[in-house]
Amino acid sequence: VPDIRDAVTDGRLPLEHAAIIAKVMDLPIVGSYHTEFGAYAALRSADPKLEFYAQVALGAFYGQCRHVLTPSPQTDEAVQQLGIEPERIGRWDRGVDLRRFDPAKRVPGRFGDGFNVLYAGRLTKEKGVDLLAASFLEARERDERLHLVVAGGGPEEAELRAGLGEHATFLGWLEGEELARTYASADAFLFASRTDTFGQVIIEAQASGLPVVAVAEGGPLSLIEDGVTGLLRAPEAGALADALCDLAAQPLLRERLTRAGLAGVRERTWDRALGRLADGYRAALAAPDAAGARHAA
């Protein structure tokens, strides 16, 4: 038993194996829901049956859990659609390191003299990179100062490079101080994903002093108050382009959104986030074993 326990706690077992062992050992299972696999399957395959099968599999997996943690209120509904009762759902959001992501790390002129719009993350369909590119290009038709800076990589990178051409700079995957300086040295952040349950890059951008434009769906709804800490728009190229052009043309708007975004993100510490995780474990230990639910961490 000690060897099994150590393998589970060290993360050396796949989730499905850990879940089986937890059931055998009669341990409560806490699940963390943070990826819309069903939506990803639909986007990648265009096959509604595959999306259905993915949802069935997710329902079976999370149905074993005594308690399921989600990163945002918007994700609760998706978890309930898997058959998880509201009383078995808790919150585990994310934090941001305010010592790493800091406006003071800005390097003036790092990306040239234009208005530099940053995107950081995976370059995949499920992250909305098609919408990101279309929105940026429409905005640039109206304001030629705009330049897109892309930090990340993924299967759609070649297609994006071809479509954006000289209007974008691709930096590849960045980490540590290099990533922090990149955030702080841009002028705005664009987030076009419709499938994110949270949006970690949004709070990293806010902590770095960037005004954020994001789609008004999913995780961004819990991170941005429209017109106060950022701009939320419909997932349409024209709407997102309008918001980018507004930011580029209105320094006072950028300054106001930046100040409010910084103030709001100061509350999103990792200590607070880990406290929420601990609350989830306590809830699982205190709750009755509803309908045979157990653990999948």
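1. Basis of the note. The model is a predicted one, in which local features need pLDDT of at least 70 and side-chain atom pairs count only at pLDDT 80 or more, whereas totals for chains, interfaces and linings use all residues. Residues are numbered from 1 along each chain as its sequence is written, and side-chain values use heavy atoms, with hydrogens and water left out.

2. Overall make-up. The chain holds 13 helices and 9 strands, where helices (H or I, at least four residues) and strands (E, at least two) are DSSP runs numbered from the N terminus. Of its 297 residues, 50% count as buried; here buried means under 20% relative accessible area, exposed means over 50%, and partly exposed lies in between, with a 1.4 Å probe and protein chains only. Among the contacts in the chain with a separation of 6 or more, 67% are accounted for by residues 24 or more positions apart, a contact being heavy atoms within 4.5 Å.

3. The three-stranded sheet. An open sheet is formed by 3 strands in the order E1-E2-E3, with parallel pairing, and two strands are taken to pair if DSSP finds at least two bridges between them. E1 and E3 stand at the edges with a single partner strand each, so one side of each is left without a neighbour in the sheet. The twist from one strand to the next averages 30°; for such angles, axes are lines fitted to C-alpha atoms, for helices over the stretch in contact, and the values run from 0 to 180 degrees between N-to-C directions.

4. Strand E2 and its partners. Strand E1 (residues 30-32) is joined to E2 by 3 bridges, and within this pairing glycine 31 has valine 68 as its bridge partner. On the E3 side (residues 89-91), E2 pairs in the parallel sense over 3 bridges, with valine 68 opposite isoleucine 89. From E2 the chain crosses through helix H5 (residues 73-80) to E3, and this β-α-β crossover is right-handed, in the sense that, with the strands pointing away from the viewer, the path from the first strand over the helix to the second runs clockwise. Along E2 (residues 67-70), His67 and Leu69 point one way while Val68 and Thr70 point the other way, and all are buried.

5. Leucine 69 stands opposite glycine 90 in E3. Helix H13 (residues 270-286) packs on the sheet, where it touches E1, E2 and E3, and its direction makes about 165° with that of E2.

6. The six-stranded sheet. A further open sheet has 6 strands in the order E6-E5-E4-E7-E8-E9, and its pairing is parallel. Strand E6 (168-172) and strand E9 (231-233) stand at the edges, each with a single partner strand, so one side of each has no neighbour in the sheet. Neighbouring strands are turned by 25° against each other on average, direction ignored. E4 and E5 run parallel and are joined by 6 bridges, and leucine 118 has valine 149 in E5 as its bridge partner.

7. Helix H11. This helix lies across E4, E5, E7, E8 and E9, running at about 170° to E8.

8. Helix H6. The 14 residues of H6 (residues 129-142) should span 20 Å, which agrees with the 20 Å between its end C-alpha atoms. Val129, Leu131, Phe136 and Arg140 are among the buried residues of H6, and what covers the buried residues includes strand E4 (115-120), strand E5 (146-151), helix H7 (157-164) and helix H11 (237-249).

9. A search of the whole structure finds 0 disulfides, a disulfide being a pair of cysteine sulfur atoms within 2.5 Å. Cysteine 65 is buried, with a relative accessible area of 0%. Glutamate 255, placed in helix H12 (residues 251-265), is partly exposed at a relative accessible area of 43%, and its C-alpha atom is separated by 7.9 Å from that of proline 211, 44 residues apart along the chain.

Note on methods. Expected span 1.5 Å × (residues − 1).
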